Every structure is written in C-alpha cells, then in structure tokens.
Amino acid sequence: MKLTAKAASVLSILGLSVALSTTVGAATAEEKIVERIKPLSQVCVEGDDSCGGAVAVAAAAAGGARSGADVYNASCAACHAIGVAGAPKYGSSEWTDRGAKGIDALLETAISGIGAMPPKGTCADCSDDELKAAIQHMLDSAQ
C-alpha cells in the first residue's frame, strides 16, 4: 500500500510538472510573439509627457554624443566600406580628394544627401556634431 501511495504521489508531481512547464512554455511563446510584433519606435512630441518626453530627452542628453567611429560603424560602413553606388570607400584616397572641399562642405552634403545617399545617410537620429565626427573619422582613414 505504501508503494501505491508513493507511485501515486510521484505521478501527481510528474503531472503537475508537465502542466506547469506547458503553462510556462505558453507564456514564453506569447512573450516571444509580443516581442516580434511590437512597434520599432514611437514618435513623441517635445513637451508631451504622456510618452516619456522629459525623461527621454534627459536620457538622451545624459548619454552624450556618439564617437565618429561609433557612428561610422553603425550607420556609414554599410555603404562606405565597399563603395556602394559611388560612395567614397573608407581607407581610400577618395577621402583625400573629398577632404579638399573642407569638412563643413562635406557636412552640408551629408545633411542634405547626395546621389543615392539619403539625407543624413542611414543615421536620421545623428546630430550635426556626430555626423561631423563620422566624416572626420572617414577623412582620417584616407591613404
């Protein structure tokens, strides 16, 4: 009789474990779905506290400007590493030629876009100073 009670107890625990693991798996699967379909971003108007306006601005300001290398690696390298659609290649003499125009002229071109490059390239959230640092990073790579 003790053996039957122990077996029933073990089976009950095993059944409960299976039920709990299925429930946890379902929650995890649901969380994964929510993560996959969530919006990529939100648009907030400055001064609108309903979407974290003041907190978001303070957080962005606290982070400081990204370095030229960081901006280049995140946003510029996709085209400038291989010269997509005529983009001057990083580390080439093409940057020496462009450097003759002066960094302010290059910054104006980067801000407004040129040829296949859209305004601000692929870094729409870059400040002018961050773009300037990325341009300087590419100018410094010239051989």
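This briefing describes a predicted model of one protein chain, topic by topic. The chain holds 6 helices and 0 strands, where helices (H or I, at least four residues) and strands (E, at least two) are DSSP runs numbered from the N terminus. Residues are numbered from 1 along each chain as its sequence is written. Because the model is predicted, local features need pLDDT of at least 70 and side-chain atom pairs count only at pLDDT 80 or more, while totals for chains, interfaces and linings use all residues; side-chain values use heavy atoms, with hydrogens and water left out.

**Confidence**

- The average pLDDT (the predictor's confidence in each residue, from 0 to 100) of the protein chain is 78, and 69% of the residues score at least 70.
- Residues 53-59 have a pLDDT below 50, and this stretch has 2 contacts in the model beyond near neighbours in sequence; a contact means heavy atoms within 4.5 Å.
- Where pLDDT is low, the predicted coordinates should not be read in detail.

**Overall fold**

- Along the sequence the pattern reads α-α-α-α-α-α.
- Of the 143 residues in the protein chain, 19% are buried; buried means under 20% relative accessible area, exposed over 50%, and partly exposed in between (1.4 Å probe, protein chains only).
- Among contacts in the protein chain with a separation of 6 or more, 58% come from residues 24 or more positions apart.

**Cysteines**

- The whole structure contains 1 disulfide, a term that stands for a pair of cysteine sulfur atoms within 2.5 Å.
- This disulfide links C123 and C126, with an S to S distance of 1.8 Å.
- The torsion about the S-S bond of C123 and C126 is about 75 degrees, so the disulfide is right-handed.
- C123 and C126 are both buried.
- With 13% relative accessibility, C76 counts as buried.
- The sulfur of C79 has its closest cysteine sulfur in C76, at 8.8 Å, again too far for a bond.
- C79 counts as partly exposed, at 32% relative accessibility.

**Largest pocket**

- The largest pocket has a volume of about 570 Å³.
- On a 1 Å grid over the protein atoms alone, a pocket is an open set of points where a 1.4 Å probe fits, with protein on both sides within 12 Å along at least five of seven lines.
- Grid points are joined across faces, edges and corners, and the volume is the space filled by probe spheres set on the points.
- The lining comprises 29 residues, and H80, A87, P88, I114 and M117 lie nearest the centre of the pocket; a lining residue has an atom within 4 Å of a point.
- At least two lining residues come from each of α3 (68-80), α4 (94-99), α5 (103-112) and α6.

**S92 and S141**

- S92 sits in the loop between α3 and α4, and S141 follows in the segment after α6 (128-140).
- S92 is buried at a relative accessible area of 15%, and S141 is buried at 11%.
- A polar atom of the S92 side chain lies 2.7 Å from the backbone oxygen of K89.
- The S141 side chain reaches the backbone oxygen of M138 at 2.6 Å.
- Leaving aside neighbours within four places in sequence, S92 is in contact with S141, A142 and Q143.

**A110 and its surroundings**

- A110 belongs to helix α5 and is buried, with a relative accessible area of 11%.
- A110 and L131 are 21 residues apart in sequence, and their C-alpha atoms are 7.5 Å apart in space.
- Not counting residues up to four places away in sequence, A110 touches M117, P118, P119, K120, G121 and I135.

**Positive phi**

- Most residues other than glycine have a negative phi.
- A85, in the loop between α3 and α4, has a positive phi near 50 degrees.
- A85 counts as exposed, at 63% relative accessibility.
- K120, in the loop between α5 and α6, has a positive phi near 65 degrees.
- K120 is partly exposed, with a relative accessible area of 21%.

Definitions and conventions: A polar contact is a pair of N or O atoms within 3.5 Å; within protein, one must be able to donate a hydrogen and the other to accept it, and residues adjacent in sequence count only if both atoms are side-chain atoms.
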